[in-house]
Amino acid sequence: HRERCREQGESQGRELTRVTRILGVDLGLKRTGLALSDELRLTARALANLTPKSRAEDVAFLVALIEREAVGDVVIGLASLKSGDDSAMAKRARGFAQALTDALRAASVTARVHLVDEHGTSKAAAARLVESGVKKSRRKAELDGEVARGLVLDFAQQVERIENSPR
């Protein structure tokens with residue numbers, strides 16, 4: 001999301017475009033994958049996995065990360081069943097997204113939380129890890145972060161398409 005801001009001290013009042021980062025979150029029971037885009041939303045890198053503790057602790061960790069890294073959009077993977085119904089993890093993701101939204105609001109941190117379909121993301125992430133030469137022994141540990149990275153890149157592409165579409 002591009003935010004317009006006035007350059008301080010600029011007599012001509014020229015506007016600068018500030019682009020915020022995207023944080024991807026792939027919730028899991030044992031590991032939560034995290035990834036962060038660059039400021040221009042062109043690339044993303046996986047961060048260290050978060051080992052889930054309690055919802056409150058995990059949300060507090062993410063609020064601090066979002067504030068520190070100037071994140072404007074948080075993308076949380078939503079694992080729905082083929083029928084379209086929510087899986088147990090989808091219900092957990094919805095609750096987590098609401099808790100994060102509430103915590104961001106309480107901390108006066110401006111960031112939007114989005115739930116996105118993560119169907120097929122694990123398979124695509126595993127293929128990217130193989131293509132990039134990650135050893136088989138490391139793939140399991142890196143998979144969650146790579147899924148989160150895919151969520152970030154997919155979201156950035158969707159936003160770019162919307163912003164560049166004719167109106």
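Leaving aside residues up to four places away in sequence, V74 touches L23, V25, I66, L100, R112, V113 and H114. Keep in mind that this is a predicted model, so treat the contacts as computed from predicted coordinates.

Several of those names come back once you look at the hydrophobic packing. The largest nonpolar core has 24 residues, and V74 is listed among those with the most contacts inside it, together with L23, V25, L62, I66, I76 and L100. Which elements give two or more residues to this core? They are the strands β3 (21-26), β4 (33-37) and β6 (71-78), plus the helices α1 (55-68) and α2 (88-106). Of these, α2 gives the most, with six residues. There is also a second, separate core of 11 residues, and I22, A148, V152 and F155 are included in it.

Now follow β3, the strand that carries L23 and V25. Is it enclosed or open? All six of its six residues are buried, so β3 is largely enclosed by the rest of the structure. You can check this face by face: R21, L23 and V25 are buried on one side, while I22, G24 and D26 are buried on the other.

What does β3 pair with? On the one hand there is β6, which runs parallel to β3 and is joined to it by five bridges; here R21 has V71 as its bridge partner. On the other hand there is β4, which runs antiparallel to β3, with four bridges between them. In that pairing G24 stands opposite A35. The β3 and β4 strands form a hairpin, and six residues lie between them.

Zooming out, the protein has four helices and seven strands. Reading from the N terminus, the order is β-β-β-β-β-α-β-α-β-α-α. As for how the chain comes together, take the contacts between residues at least 6 apart in sequence: 56% of them join residues at least 24 apart.

Of the 167 residues, 37% are buried. The protein exposes about 10,100 Å², and carbon and sulfur atoms supply 51% of that area.

How values were computed. Residues are numbered from 1 along each chain as its sequence is written. This is a predicted model: local features need pLDDT of at least 70, side-chain atom pairs count only at pLDDT 80 or more; totals for chains, interfaces and linings use all residues. Side-chain values use heavy atoms; hydrogens and water are left out. Buried means under 20% relative accessible area, exposed over 50%, partly exposed in between (1.4 Å probe, protein chains only). Contact means heavy atoms within 4.5 Å. Accessible areas come from the Shrake-Rupley method with a 1.4 Å probe; for residues, only the protein chains shown count as cover. A nonpolar core is a set of buried Ala, Val, Leu, Ile, Met, Phe, Trp, Tyr and Cys residues joined through side-chain atoms within 4.5 Å. Two strands pair if DSSP finds at least two bridges between them.
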